[in-house]
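Trainee: I would like to go through the labels on this model and see what stands behind each of them.
Mentor: Ask about them one at a time.

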Amino acid sequence: VKKPEDLHKALEKALENDSHAIIEPWLNGLEFSCVVMEDKSIIRALTPTETVHAQEIFTYNEKYMPGASNKITPARVEAETLTAIQRMCEETFRTLGFIGWSRIDGFVLRDELRVTSDELRTDDNSTPDTHHLTPFLSGTVLITDPNVYSGLSPSSWTFHQAAHENWSPAEFITTLIETAK
């Protein structure tokens, strides 16, 4: 729903298919995923991955089909924001009582982002496409989707983050096995 006046009709349509519907606000920002691992009671978040997708709404195919979306590790944020993402993901892991490892997703909200004036300049004085500003500098971090574990398909966030930690897929899987409770 893009306009408030369309909400009622959309809700009626949703309720044709089920007896309940969830209404969530649109989040405008940088989307990230962060794998969190636990070893000997030490909880550690790996380097978060930014997900860039072509469609306005992140589709199932873009999420799970190899090459359908662009995964960038580390996420293009200020170092302080990257650290904030990692700390919030570790705290989410602890708070929810996760064990072993997980993938925690969220957003750095775009309305909160600070950019330099140079990044907002265009050669022809037109309005810049802020969707493609790089690097994103900072913003409010919001956790939206804690997962008890992450997928292990070749295109998953897990292996992007493991590679950033200099682990091969086999080394990462071995680490998971060795630290399993």
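Trainee: Why is phenylalanine 172 called buried?
Mentor: Its relative accessible area is 0%, and buried means under 20%, exposed over 50% and partly exposed in between, with a 1.4 Å probe and protein chains only. Therefore phenylalanine 172 counts as buried. This is a predicted model, in which local features need pLDDT of at least 70, side-chain atom pairs count only at pLDDT 80 or more, and totals for chains, interfaces and linings use all residues. Residues are numbered from 1 along each chain as its sequence is written, and side-chain values use heavy atoms, with hydrogens and water left out.

Trainee: Why is tryptophan 167 called partly exposed?
Mentor: Its relative accessible area is 22%, which lies between the cut-offs for buried and exposed.

Trainee: What makes phenylalanine 159 and phenylalanine 172 an edge-to-face pair?
Mentor: Rings of Phe, Tyr and Trp (its six-membered ring) pair if their centres lie within 6.5 Å; planes under 30 degrees apart count as stacked, over 60 as edge-to-face and the rest as tilted. Here the centres are 6.1 Å apart and the planes stand at 75°, so the pair is edge-to-face. It joins helix α4 (residues 157–164), which holds phenylalanine 159, to helix α5, which holds phenylalanine 172, 13 residues apart. Helices (H or I, at least four residues) and strands (E, at least two) are DSSP runs, numbered from the N terminus.

Trainee: What makes the pair of tryptophan 167 and phenylalanine 172 tilted?
Mentor: The centres are 5.6 Å apart and the planes are at 45°, an angle that falls in neither the stacked nor the edge-to-face range. The structure holds 4 aromatic pairs, and ring pairs link Trp101, Phe159, Trp167 and Phe172 into a cluster.

Trainee: How do you know that leucine 176 is buried?
Mentor: Leucine 176 has 12% relative accessibility, so it counts as buried. This residue is found in helix α5 (residues 169–179).

Trainee: Which residues does leucine 176 contact, leaving aside its neighbours within four places in sequence?
Mentor: They are Met37 and Trp101, where contact means heavy atoms within 4.5 Å. The C-alpha atoms of leucine 176 and methionine 37 are separated by 8.3 Å, although these residues are 139 apart along the chain.

Trainee: Why describe ring pairs with two values?
Mentor: Because a pair of aromatic rings is described by the distance of the centres and the angle of the planes.
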